[in-house]
Amino acid sequence: MNKHIQKIIQKRGPIRTIGVIGMGYVGIPAALLFANIPSVKMVYGLQRNSQSSGYKISMLNAGELPLKGEEPNLPGLLKEMIALKKFKCTDDFSIIRSCDAVTIAIQTPFLNPRDLIPDFSALEEGIRQAGRYLTKGILVVLESTITPGTTIGIARKILEEESGLVAGKDFALAHAPERVMVGRLIQNIREHDRIIGGIDEVSTKRACELYSMVLTKGRVIQMTATAAEVTKTAENTLRDLQIAAANQMALYCEAMGVNFYDVRAGVDSLKGDGITRAILWPGAGVGGHCLTKDTYHLERGVQTAGIEPLDFPSDTDSLFVTARKINDFMPDHMFHLLKDGLERIHKEIRGSRVALLGWAFLANTDDARNSPSELFYHRCLEAGAEVSVHDPWVKGSLISSSLEEVLTGTDAVVIFTGHREYLSLNLHEIRKVMKKEYPIIIDGRNIVDPDQYINAGFIYKGIGRGDKNNHQIMMCP
Ligand code: SAJ
């Protein structure tokens, strides 16, 4: 262990003043939970005063949360920390000079999902800002999801350039990836195990000291910084892979005239020691800002941070990238099911009217980032169809909250998101407002009972329902 930094940290003593860079859905709860620790004296929420997000500074200092959706306990915690003067939001990054630790939680989106190059500009700017004000013995922690190799690579380089200090000798540096989900931010930070990877043992130890203060049920899991980066990207890559396996199995079941859900129940019935089959659910696609990009962070990591040549079958694509392609194909499959449904009543897609139910990427949320619905929507428009969109959770110029308005006079209703409101659809009401002899229903989330709709004269298509997708057309009652 580096004796030099150990001495400086011992001299500095316990972590009392903390800076959190990036007042988003990761940084805000983290900052407030740190502030809520009795032994912590002060937490500064550091937010650049930019056109797009500078408004958060005054909003947070007024005790208002700049986050959408319900976050249990967060509003009260903000007001309490403001009242106790233990939290303050500022664009004055020089305050980092008075901090014992600074965490960085800035998003790393893909500018253009097609080229799969993450846009690190905002994160690098945040790291540069931190670097300018580092003092000896400070702990720097990256919380953003980053390409493996970033912490010991570009992040370390920028911090050392800006501060003139040396990581591991003058300051501690670690990666502790966020694992929060909207709607459960406080609970996730407290209860999920925290992966903590320092560039060396002293950094890991100091970062464990920081996060142990906020953990309740969760425990710290220590590893190297690069292993922590791989863990975070891998946990979403493997979830994406599991979903892709369910999607591919559903496509096979459709081709073989089999009910995927029977197969799923059958496979799932195999229990016993050491026997595991984690079958997830097929659907109209995979959206969001985690699973749609973390695979590509991992892929870039193995290309850019490799210390050994990758030994992999030369004529084989990455299983993980293949999984991404399968999941990204599902909105196209929904389009094919729509076309097949229209063809059964000798209608073309061009000129047809489609009611798209669900714009959010995740059921019962208003989060529409990278939503599969958007891909399907544009595919229909390009094919000459007219599309009306309903979502009870998402607001937007394209979206109506009136189901009747969206369904009126349409040829097909297409369910993309499993919102709970769609579990109680009234097929007779739907039929009445669609006013079609043979209305079409395409179920992308296994929401409806096929027989009920088929017997009511609907043309039914559902993902994974090979046993129903070529049903006999029942005379309309
Ligand atoms: N999806 C399926 N089939 C499934 C599960 C999900 O098609 O069986 C689709 C959803 O409809 C959605 C997309 O995948 O479009 C993503 O769903 P998700 O449940 O994975 O939700 P996310 O994207 O918010 O993932 C987050 C991740 N959490 C973090 O990155 C901290 C992920 O690691 C979690 O496992 C996931 O939440 C969770 O389990 O809630």
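**The sheet and its edge**

Reader: Let us start with strands β13 and β14. How many bridges join them, and how do they run?
Author: This is a predicted model. In it, strand β13 (residues 440-443) is joined to β14 by four bridges, and the two run parallel.

Reader: Which residue is the bridge partner of D443 in β14?
Author: The partner of D443 there is G462.

Reader: In what order do the strands of the sheet come?
Author: The open sheet has six strands, in the order β11-β10-β9-β12-β13-β14, with parallel pairing. β11 (399-400) and β14 each have a single partner strand, so one side of each lacks a neighbour in the sheet.

Reader: Now K461. Where does it lie?
Author: K461 is part of strand β14, which covers residues 459-462.

Reader: Is K461 buried or exposed, and what is the nearest side chain of opposite charge?
Author: K461 is buried and has no salt bridge. The nearest side chain of opposite charge is that of D340, 4.8 Å away. A salt bridge would need the charged atoms within 4 Å.

Reader: Which residues does K461 touch?
Author: Leaving aside residues up to four places away in sequence, K461 touches L337, D340, G341, R344, I441, I442, D443, N469 and N470.

Reader: A change of topic: which residues form the nonpolar patch on the surface?
Author: The patch consists of M249, Y252 and M256, which together have about 330 Å² of accessible area.

Reader: Where is M249 found, and why does it count as partly exposed?
Author: M249 is in helix α9 (residues 225-255). It counts as partly exposed because its relative accessibility is 39%.

Terms used: Residues are numbered from 1 along each chain as its sequence is written. This is a predicted model: local features need pLDDT of at least 70, side-chain atom pairs count only at pLDDT 80 or more; totals for chains, interfaces and linings use all residues. Side-chain values use heavy atoms; hydrogens and water are left out. Buried means under 20% relative accessible area, exposed over 50%, partly exposed in between (1.4 Å probe, protein chains only). Lys and Arg count as positive and Asp and Glu as negative; His and the chain ends are not counted. Contact means heavy atoms within 4.5 Å. Two strands pair if DSSP finds at least two bridges between them. Patches are made of residues with over 30% relative accessible area and no salt bridge: like charges are joined within 9 Å, nonpolar side chains (Val, Leu, Ile, Met, Phe, Trp, Tyr) within 5 Å. Accessible areas come from the Shrake-Rupley method with a 1.4 Å probe; for residues, only the protein chains shown count as cover.
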